[in-house]
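Please keep the sequence and the model in view while reading.

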Amino acid sequence: MELGSRNPAFEEDEGKNPAIQVTKFDSEEKCDSVKLDPDEEYSQIKPYAGMPKEVLLLYSSQARYKVPREILFWLTVACTLTLVALTITVIALSPPCLSWWQMSPVYQIYPRSFKDTNGDGVGDLKGILEQLDHFQYLNIKAIWISPFYRSPMKDFGYDVEDFRDIDPLFGTMQDFEELLAEMHKRDLKLIMDFIPNHTSDKHRWFNLSRSGDPHYSDYYIWVDCNASNPKPNNWVSIFGNSSWTYDEVRRQCYYHQFLKEQPDLNFRNPNVRKELSDLIHFWLGKGVDGLRMDAVKHIFEAQHLRDEPQVDPNKPPEEINTEFDLHHDYTTTQVGLHDLLREWRAVMDIYSREPGRYRFMVIESYDYQEVEKTMMYYSTPLVKEGDFPFNFYLLYLPQNTSGLWVKALVDLWMSNMPKGQWANWVVGNHDRARIASSAGSAYAPTINMMLLTLPGTVTTYYGEEIGMQNINITQDEVQDPAGRYNVSLSRDPQRSPMQWSNELNAGFNLQSNLTWLPLHPDYKTVNVETQKTDESSILAQYRYLNNLRQFELPLHRGWFCYIYTDASVFSYLRELDGLNKAFLVVLNFAKEAAVTDLSSIKELPSQLNVLMSTLQVNNGKNMPKSQVKTEAGEGLLIQFSSNIKFNHNHQDQCYVSEKACYLGALGILYKC
């Protein structure tokens, strides 16, 4: 039996014969089970694989298929729009990510003293390359290297003969480029010293200027003067005595705020400004990540050349011979200084446009009691300048090791710092005594704990992480020009070779028995390798605190709040809104043990657990908040949980660079 029926949907073209579907049956039983009217048009009940377009359109218009399809479409659109809106909201509400110079300590290397690889007794660039593992061990990402330009070394590199070359004492330009490439490979950043105020008297510019070359004639500050008494006024050098020196070639006096071998540049000459901008382009073009602007307050001086007022009006003028004898109204922080720094910042910002390659600018200026002048080096919301100026006020910490004094020094910066800016802390450098010597080695671990738990960026001078101390030197051993005539003024004691191990020359020079300065006799025990094996060492504590700071939100971007201070103890809190984890820091700067009662601080739990003590025996100790005991020179880091935030009710005692809150449900920060 053979039956068929016509399906209009199978017509391929109008006017053609319809396709005929023929079904054959093999038996009478099957045939009898099919009841079809040959004249009735066939209708397919369900769509089937391989159906033509016409059949597909027939079924797609039916409600059972159309409605679910539209529901899925609009759900997809709604979900997409929701995700886009959520992404935009998160981006808009999220605080800016911290930059590399905010996340890591800045480690200062004095290259003469870091590591010697050629046996001449002086550190070099290859020595720094050899020791890069040290920074990764400490989780330090930013390294500032003191000057290594070509120099006669009258002031150990701060008298520059050629700004575009490396002094052979430290290596070659190829050595520098290899060091920089390896640092970047390890995600380390390099900050260079930039020395704009002066050059060496051996610099090509100075030789052309003193010989009367028309283009270079005004590159320096020249005035007519008397050869027998070359003092156009009473201005004095940082190193003492007159800041004017008579030049036999030009028969005039030139101005120098430092050594006579360091003549000051004339920044009122636009050619000089361009020369220095070109130098910034040169080094940033090589890939340098940041610049430390050296001695900037000395860049301009008053053109009228009047005598500066004496601090003691009754002192005979002929006895005026140190910088502290005068008020420097005409030789420091003159009009035009900040305009120049902003010009240089604009040059650096050109290179900061490269993703992930922000170029950092830090300012050096010792302003002593005039902290408001230091704060002017910060950028403003409208004009960019420095990322921060160095904070040298903790250098005065050894004058009075008490909780009240330390708080006063910290608050001097925090209360004067412009809103929204980033703090920084310095307790030692190549010009100032090591903190382990000036404050006492027993206090060095506690000072490190303070630096690594305060808000902002700490600058670590090489060796502070192991508690290195000043060396004692005799007059015959003096290398520093500042100490040639008075050994007490020498800066050599804080520049002794880095103590890497208990081997020959403390591991500083393994090639010969030469060191440019004597080693400290304690290097057998105070060295990197020995302290790596001791969990209670100052090195181990520094490493632990630095890692903790970088991974704990309250420590690197949370609120900083004063909790308690007395003659012995300085205590503060680090917390973040939305996060129930917080840290209490209790530091004893006295010479005896202290018991601190914090029971009035309702935001603290009744029982406190010591996460870390500078005395390892007290790690993990539990104590009531009414009896927080610290030994002389001990620091405690206490972690606790609390949903009650101290900063909410004590705004006048708390500071934050940029307020942020933590959203635990999504694990993100947002502006609040």
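Cysteine 225 counts as partly exposed, because its relative accessibility is 22%; the classes are buried (under 20% relative accessible area), exposed (over 50%) and partly exposed (in between), computed with a 1.4 Å probe on protein chains only. Cysteine 253, by contrast, is buried, with a relative accessible area of 0%. The two are joined by a disulfide, with an S to S distance of 2.0 Å; the term denotes a pair of cysteine sulfur atoms within 2.5 Å. The link of cysteine 225 and cysteine 253 is right-handed, with 85° about the S-S bond. Cysteine 225 lies in the loop between β8 (222–223) and β9 (244–247), and cysteine 253 in strand β10 (residues 252–255), so the pair ties together parts that are 28 residues apart in sequence. Strands (E, at least two residues) and helices (H or I, at least four) are DSSP runs, numbered from the N terminus.

The model is predicted: local features need pLDDT of at least 70 and side-chain atom pairs count only at pLDDT 80 or more, whereas totals for chains, interfaces and linings use all residues. Residues are numbered from 1 along each chain as its sequence is written, and side-chain values use heavy atoms, leaving out hydrogens and water.

By the sulfur distance rule, the count comes to three disulfides. Another of them joins cysteine 561 to cysteine 654, with 2.1 Å from S to S. The torsion about this S-S bond is about 115°, so the disulfide of cysteine 561 and cysteine 654 is right-handed. Cysteine 561 belongs to strand β16 (residues 559–565) and cysteine 654 to strand β24 (residues 654–655), so parts that are 93 residues apart in sequence are tied together. Both cysteine 561 and cysteine 654 are buried.

Cysteine 661 and cysteine 672 also form a disulfide, at 1.9 Å from S to S. Cysteine 661 lies in strand β25 (residues 661–663) and cysteine 672 in the segment after β26 (668–670), so the pair ties together parts that are eleven residues apart in sequence. Cysteine 661 counts as buried at 8% relative accessibility, while cysteine 672 is partly exposed at 39%. Cysteine 97 is in no disulfide; the nearest cysteine sulfur, that of cysteine 672, is 16 Å away.

Helix α16 (residues 538–551) has 14 residues and should span 20 Å at 1.5 Å a residue; its end C-alpha atoms are 20 Å apart, which agrees. The expected span is 1.5 Å times one less than the number of residues. Among the buried residues of α16 are Ile538, Leu539, Tyr542, Leu545 and Leu548.
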